[in-house]
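I opened my notebook to look up a few ring contacts and a strand pairing. Here is what I jotted down, entry by entry.

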Amino acid sequence: MTVSCCSLMVVALTLMSWMADDTMTKENGMTVINTTSLGKDVQGFLGATPVKIYIQKNKVVKIEALKNQETPKYFLKVKKNLLDKWNGVKIKDAKKMKVDAVTGATYSSKAVIENVQLGLDYYSKH
């Protein structure tokens with residue numbers, strides 16, 4: 001009887017660890033949404049373009065690009081011209097924003113915009 005209880009506990013703990021979700025975490029008093037798993041199917045020019053969205057008091061504080069395979073020269077345009085568009089915006093307003101892609105980095109821009117939307121939707125639902 002003891003062995004089967006222990007076995008069930010091991011199975012339950014293993015399942016719980018597989019289901020662990022690092023999509024939403026806390027960091028320096030902010031909620032952080034990581035779109036790595038949310039946007040795994042969102043493709044830029046050369047692959048996925050995950051971001052971290054930092055939220056405090058129901059406003060976007062900043063958006064940070066995570067490791068990706070995009071061409072550095074073009075993705076730099078996205079970092080410089082796109083990521084700060086949501087800074088300081090309330091979540092409900094940020095979700096409605098129509099943000100234009102950066103000229104010369106259209107695929108990467110659209111993928112980042114989609115990742116931001118996925119992250120904001122996730123935050124609103126959780």
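Where is F45 found? I located F45 in the loop between β2 and β3. A reminder to myself: this is a predicted model.

Next I checked how open that residue is. F45 counts as exposed because its relative accessibility is 54%, and the cut-off for exposed is over 50%. I noted that Y107 is exposed as well.

Then I went through the aromatic rings. I got a count of 1 aromatic pair. The partners are F45 and Y107, with 5.9 Å centre to centre and 35 degrees between the planes, and the pair is tilted. F45 lies in the loop between β2 (30-34) and β3 (51-56) while Y107 is in helix α4 (residues 106-125), so the pair ties together parts that are 62 residues apart in sequence.

F45, L46 and Y107 make a nonpolar surface patch of about 370 Å².

I found the charged end of K62 over the ring of Y54, at 4.7 Å from the ring's centre.

My last entry is on the strands. Strand β1 (residues 24-27) and β2 run antiparallel and are joined by 4 bridges. Within this pairing I saw T25 opposite V32 in β2. The hairpin of β1 and β2 has 2 residues between the strands, and there N28 takes a positive phi near 50 degrees.

Key. Residues numbered from 1 in each chain as written. Predicted model: local features only at pLDDT ≥ 70, side-chain atom pairs only at ≥ 80, totals over all residues. Heavy atoms only, no water. Phe/Tyr/Trp six-rings, centres within 6.5 Å; stacked < 30°, edge-to-face > 60°. Buried < 20%, exposed > 50% of the residue type's maximum accessible area, 1.4 Å probe, protein only. Lys NZ or Arg CZ within 6 Å of the ring centre and 35° of its normal. Pairing = 2+ DSSP bridges. Patch = residues over 30% accessible without salt bridge, like charges linked within 9 Å, V, L, I, M, F, W, Y side chains within 5 Å. Areas by Shrake-Rupley, 256 points an atom, 1.4 Å probe, with all protein chains shown as cover. Salt bridge = Lys/Arg side-chain N within 4 Å of Asp/Glu carboxyl O.
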